[in-house]
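Biologist: I'd like to learn how to read a structure like this one. Could you take me through it, one feature at a time?

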Amino acid sequence: MRAVLRIVNRVLIGVVGLALLALGGSVLAVGLGANPPAWWIHDGRHDVLLSDAERTRWEGHGWWWPTVLGALAVLVLLALWWLAAVLRRRRLGEVLVDTGDSEGALLRGRALEGVLANEAAEPDGVAHAHAHLTGRRTAPQARVQLLLEPHVDPSWALHHLTTRALTHARDSAALTALPAEVRLKAVKHRAERVS
């Protein structure tokens, strides 16, 4: 579902961007003195966007303002829905653990994230670890962020994460695989004064 949302998002932004670019470019060209085509909404360089007649044309009709306000409300609601869908973080709520008796058990995603983050932060030199589970409950994926002290070798921290924390999380949830995206960052620190 996330891939479909990403594709729809990109297509929608691309179409709106191209339409705005074409409209803005054509208005700019007419404003700079280019001759507009016969079907164009403006007659020339000094034409206004809405004349008095166009602006007050539907004012006397009772359906005009409710229709305009309703259309604008629908556009605002669609824009808010789109923004919420883009900004919403997809966090896995639960992981299905195969217990071997064809029943299964549910493990809370936050609990597995907490255990994974705590075990990843255990070794000396790892200042902080954060874990986030995504994907499906039968095939979760992990996103882990490690905040490392300046003296730590990143390959050692990554090796510890993959051989201990991720392996324990995968085995405890009886998963066949637990793919992970790992981001390593260094702790910001002041320069040390040497005397």
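**Charges, a patch and a pocket**

Modeller: Let's start with Arg183, which is exposed, at a relative accessible area of 53%. This is a predicted model, where local features need pLDDT of at least 70, side-chain atom pairs count only at pLDDT 80 or more, and totals for chains, interfaces and linings use all residues. Residues are numbered from 1 along each chain as its sequence is written, and side-chain values use heavy atoms, with hydrogens and water left out.

Biologist: How do I read a word like "exposed"?

Modeller: Buried means under 20% relative accessible area, exposed means over 50%, and partly exposed is in between (1.4 Å probe, protein chains only). The areas come from the Shrake-Rupley method with a 1.4 Å probe, and for residues only the protein chains shown count as cover.

Biologist: Which residue does Arg183 meet in a salt bridge?

Modeller: First, the general idea: side chains of opposite charge can pair when their charged atoms come close. A salt bridge here is a side-chain nitrogen of Lys or Arg within 4 Å of a carboxyl oxygen of Asp or Glu. Arg183 meets Glu181, at 2.9 Å from N to O, and Glu181 is partly exposed at 37%.

Biologist: How many salt bridges does the structure hold?

Modeller: It holds 2. Arg170 and Asp171 form a salt bridge as well, with their closest N and O atoms 3.5 Å apart. Arg170 is partly exposed at 27%, and Asp171 is partly exposed at 47%.

Biologist: What about a nonpolar surface patch? Which residues make it?

Modeller: Patches take residues with over 30% relative accessible area and no salt bridge; like charges are joined within 9 Å, and nonpolar side chains (Val, Leu, Ile, Met, Phe, Trp, Tyr) within 5 Å. Here Val76, Leu77, Leu80, Leu83 and Leu87 make a nonpolar patch of about 500 Å². Leu77 counts as exposed because its relative accessibility is 58%.

Biologist: And how do I read a pocket?

Modeller: On a 1 Å grid over the protein atoms alone, a pocket is an open set of points where a 1.4 Å probe fits, with protein on both sides within 12 Å along at least five of seven lines; lining residues have an atom within 4 Å of a point. Volume is the space filled by probe spheres set on the points. The second largest pocket here has about 190 Å³. It is lined by 13 residues, and the closest to its centre are Thr138, Ala139, Pro140, Leu175 and Thr176.
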